[in-house]
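Hi there,

Here is the structure I promised to pass on to you. Have a look at it first, and my notes on the helix packing follow below.

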Amino acid sequence: MTMHTRSLGTTGPQVSALGLGCMGMSALYGEADRAESIATIHAALEAGVTLLDTGDFYAMGHNEMLIGEALRTAPTARREQALLSVKFGALRDADGNWNGYDGRPAAVKNFAAYSLQRLGVDHIDVYRIARVDPDVPIEETVGAIAELVEKGYVRHIGLSEAGADTIRRAAATAPISDLQIEYSLISRGIEERILPTTRELGIAVTAYGVLSRGLISGHFRADRQLSPTDFRAHSPRFQGENLQHNLALVEALRKIAEGKGVSVAQIAIAWVLSRGEDIVPLIGARTRERLAEALGALEVTLDPADLAAIEEAVPAGAAAGARYPEAQMAHLDSER
């Protein structure tokens, strides 16, 4: 396996062609094994993965502390190669409820101070608000991160789930390295306005949900029982007829994957990799086994015939159900 690198835009760092999204190691997808999670982070670093993505609100700081522990116990050379991407701004309570987002400059600096402590580092490589705060101009939020850059606490400024107009305003305020946003075979909404905007401005995309939360991994079964704390138990794409429809798309994709001698997950990740050198897929592996499978996508080459077959099997807009429940979709600037 060869771990190629890609640039996070014209202003960002060089990172591995795949990044590791660590959210599932702490929250929203049921129970996770702490020891296995740390071993998976170590295995990712050993394989050449450099980009580790988290959020300060993932299990109320648990995920940041988990990554901090993994970095402390990793060999020095591996620890030093790690680049940390952190999202902030989501407001939660002790019951786990979501209470909006806070992008005020004072809050930005407060969130950053706590993240630095939990991660055990002296700087964050890419810092971004998780969702655009509709009550605070993006110029103020980005301006506050720019002040953290000036002080050395942050290296690069990112965005998350921002729409095309917001991206332009942010980029006019300070250099933006990348936009983190959902992008997969069944979530292609960015192709119309957002991706052309990021490319015009030299901003990269770190794509999360490349396997649509396991839905198009090839491993999800219709009879799987999900715990109430699992995000998918409430996700429209995992419900009833929507799920049956979406799993039929997976089976069509499986035929193509089997013809190439690869797994469904590998061909789905390879498709995202094929969309451009400015796109870095984040893989949400929680175990070393799933990590190894995902990394195998780097060896998959999709020729024009493969891409045409994939497009026919899973055309744009083919998925049934929105990518988030209705209440959460309302918070997405990228959907406006």
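Ile-138, Glu-139, Val-142 and Gly-143 in α5 meet Thr-166, Arg-169, Ala-170 and Thr-173 in α6. Sorted by class, the residues of this contact are three nonpolar, three polar and two charged. Please keep in mind that this is a predicted model.

How do the two helices sit against each other? Helix α5 covers residues 138-151 and helix α6 covers residues 164-173, and they pack at an angle of about 40 degrees with their axes 9 Å apart. The crossing of α5 past α6 is right-handed.

Helix α6 also packs with helix α7 (residues 194-201), here at an angle of about 20 degrees and with the axes 9 Å apart. That angle is under 35 degrees, and α6 and α7 are therefore roughly parallel to each other. This crossing, too, is right-handed. From α6, the contact uses Ala-164, Ile-167, Arg-168 and Ala-171, while α7 brings Ile-194, Thr-197, Thr-198, Glu-200 and Leu-201. By class, that makes five nonpolar, two polar and two charged residues.

Lastly, a word on helix α2, residues 62-72. Its buried residues are Asn-63, Glu-64, Leu-66, Ile-67, Gly-68, Ala-70 and Leu-71. Among the elements that cover them are the helices α1 (34-46), α3 (76-81) and α4 (105-119), together with the strands β4 (51-55) and β5 (83-88).

Technical notes
Residues numbered from 1 in each chain as written. Predicted model: local features only at pLDDT ≥ 70, side-chain atom pairs only at ≥ 80, totals over all residues. Heavy atoms only, no water. Axes fitted to C-alpha atoms, helices over the stretch in contact; angles between N-to-C directions. Helix = DSSP H or I, 4+ residues; strand = E, 2+ residues; numbered from the N terminus. Left-handed = near helix turned anticlockwise from the far one by under 90°. Contact = heavy atoms within 4.5 Å. Nonpolar A, V, L, I, M, F, W, Y, C, P; charged D, E, K, R; others polar. Buried < 20%, exposed > 50% of the residue type's maximum accessible area, 1.4 Å probe, protein only. Parallel < 35°, antiparallel > 145°, perpendicular 65-115°, else oblique.
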